[in-house]
Amino acid sequence: MQLFEFEGKQLFKSCGINVPQSQLLESADQEVTLKLPLVLKAQVLSGKRAQAGGILVVEKMEDLRFKIEELLSKTINNEKVEKVLVEQMVDVGKEYYLSFSYSTATRGPVLTFGKGGTGVEEKGAESFPVDPLNMTLPSTIVEHYVQFTDTITELWEVFTKYDLELAEINPLVVSTTSVIPSISEESSISNGKIATVRQGGPRNDKRVYALDAKVILDDDADFRREIKFPQRNLFGRPPTEAEIEARKIDEGDHRGTAGSVYWDLRDGDIAVIAAGGGGSIVNMDALVTFGGRAANYTEHSGNPPREKLKKLTKIVLGKPGLKGCWFVGGTANFTDIYETLMGFVEGLREIKPKPAYPIVIRRGGPRDQEAFEELKRVGRKEGFDFHIFGRETPMTSTAKIMVELAYGVK
Amino acid sequence: MSVLVTEKTKVLIQGITGKEGSKAALQMRNYGTKVLAGVTPGKGGYEVSGIPVYNTVSEALDNHPGINTSFIAVPNFAAFGAIEEAINNKIPLINVLTEHIPIADSAKAIALAKQNGVRIVGPSSIGIISPGIGKVGSIGGDDPRGVYSKGNVGIISKSGGMASEVSWILTKNGIGQSTVVGIGGDILVGSSFADLLVDFEKDEQTKAVVLFGEIGGTYEEEAAQLIKSGKFSKKVVAFISGLFAEKLPQGTKLGHAGAIVYGDKGSYKSKITALKAAGVIIAKTPDEIPELLKQQGTSDK
């Protein structure tokens, strides 16, 4: 999950990184106690905020209120501005880029450092692999950018302490108005060991500021991160009721997953219940290729119990205007097909009005034959328009069948 | 021969008393794999389907020095500790089923494995199967016999379900497999496509390899580079999924943590371009794979 700038800066501050003095506003009526000049920053998750007019400078007190109002009335890249961060302006000398992230190329954390601002990659930022067992500062940085070593060490602390996927400062700046006299360089050069830099005793260079913060949390570490953040809007919109309900299915129940990944898609009319992290994407690719409009994306995996599938089915088919339902998956390794399909049927029975649209099912794996026999019986007896396919039918070819049945075209 | 899982494979299961661990234990044994022992802290002295359980890995090794593979099926919060224990005991092959391991823990585990010269396959790996010889992990479920068949095509897949689906498609078309490996769909994996291609290159049984990749990360591009450099000389057919996902807003999370695209990095196009430039044949749907393999003249027939 990505954090807003103000949340990211809270994490930065907690580990000693310098950030400008600030206030968070949700309304222009709140009193601003900071001194001019100020920078107003719309709190949105999308990039290119500055180009979209999301950052305003205030030099005169009389401009403050209407500029705050201007930002709060804005929508930036489909995202409604709900909060504005007011910051003390910092006199900026040079701008740098600094981040920690994970790289598939080195299969571990990397430190990236270079010139800051926009288009960092073109400016030749350099990435240094970091040993996660014993982080040491790259010698290039210790030799040439000694004033940043504390900030880098602190950002590493932020990155590891809070289990982040990305901790990025862009720009990292050296203020021209020095707050504290600069540190003596030689005392910081110390084999690049974090601990030694710390023990060396130089105070943090107070002229170095993180002017922005981009932080992405590792969701898989939520269980051990002490600080919690509220769920945020994605796709430039708040989560739908269905998305919120779907997430709850897996909460506190680790037996497989069904609902942790669920997205409502705009203008779709084919409900999709797909299985498997890999197979689901393959099948969605096929559905789009054959002209199908998916109403949602969801996947279940890891042998979820019947109840989970029942709940998920009720959410997926709870939408109005559906023209078809596609329950699709490959040949499962260990997911019990009978249990998951019976969960589907139990959910299906509770949909009002009773679905008259075609329901295409393609699945393979443990107990699939048993499941198909039961489905055929249920379809006949209860009047569902089931089209059942097993492992002998290519999975992606049922996308075409689904599209033809749903839209009545050949 | 086959890769990773051979006649000599002797397995330890960490987390053997859990739901997935105990199930996989029975499956592996039924498929003819030698499962010597299990570990669950605090459950030493118990048995699971006749397999003795120990409190620690070193205790298990003391009693069963033949162990050369560990299968890890513990909850995500305990995974790093379990992997670390296996590494410290120098078990040469560690297959991790556990999903949703914090990425920091995966990074540390991978670095530690490298330091100690042992290999991790996973996390989030469905397992490894050498049809007719044995299997490690949940791959193939209770009875892999219908889906997997012995032959000379290797499969490396980010997706567990698709490892199985692709094997079934091949088997249905009379093409058997040498070894099928689920490498997992996480951002950081212990063994990449390229790592395993090196093993398949050395394996006489393997005549061709199928790669099942998806958007995100750089493992497909890394494989393309290896193939282009000539270090892998056998035929390769690849399928890449995720075109649909690229239409979603950037950063949208799907089930596989690694299937996430920021900017152009890890995009469908970048992978296809790199693989094609290395001479890899691209399948547009998984069902085309047998035909493409046969055209190459490298299948069983």
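**Where chains A and B meet**

The contact between the chains takes 47 residues from chain A and 52 residues from chain B; two residues are in contact if their C-beta atoms, placed from the backbone, lie within 7 Å. Keep in mind that this is a predicted model, where local features need pLDDT of at least 70, side-chain atom pairs count only at pLDDT 80 or more, and totals for chains, interfaces and linings use all residues. Residues are numbered from 1 along each chain as its sequence is written, while chains are lettered from A and ligands numbered from 1 in the order in which they are written.

**Chain A's side of the contact**

- On chain A, the elements giving two or more residues to the side that touches chain B are strand S8 (108-115), helix H7 (277-289), strand S15 (296-301) and strand S16 (324-331). Helices (H or I, at least four residues) and strands (E, at least two) are DSSP runs, numbered from the N terminus.
- H7(A) supplies the largest share of that side, 10 residues.
- Sorted by class, the side of chain A that touches chain B has 20 nonpolar, 17 polar and 10 charged residues. Ala, Val, Leu, Ile, Met, Phe, Trp, Tyr, Cys and Pro count as nonpolar, Asp, Glu, Lys and Arg as charged, and the others, Gly among them, as polar.

**Chain B as a whole**

- Chain B has nine helices and 14 strands.
- The C-alpha trace of chain B spans about 55 × 45 × 30 Å along its principal axes.

**Two domains in chain B**

- Chain B is assigned domain 1 (1-125) and domain 2 (146-301), with bounds from an automatic or database domain assignment.
- The C-alpha centres of these two domains of chain B lie 25 Å apart.
- Their contact takes 17 residues from domain 1 of chain B and 18 residues from domain 2 of chain B.
- H4(B) gives the most to the domain 1 side of that contact, with five residues.

**The nonpolar core**

- Which residues touch the most other members of the largest nonpolar core? They are Ile72(B), Ile83(B), Ile94(B) and Ile289(B), out of 157 residues. Such a core is a set of buried Ala, Val, Leu, Ile, Met, Phe, Trp, Tyr and Cys residues joined through C-beta atoms within 7 Å.
- A second, separate core of 47 residues includes Leu85(A), Tyr97(A), Phe148(A) and Ala167(A).

Definitions and conventions. Buried ≥ 20, exposed ≤ 12 C-beta atoms within 10 Å, placed from the backbone.
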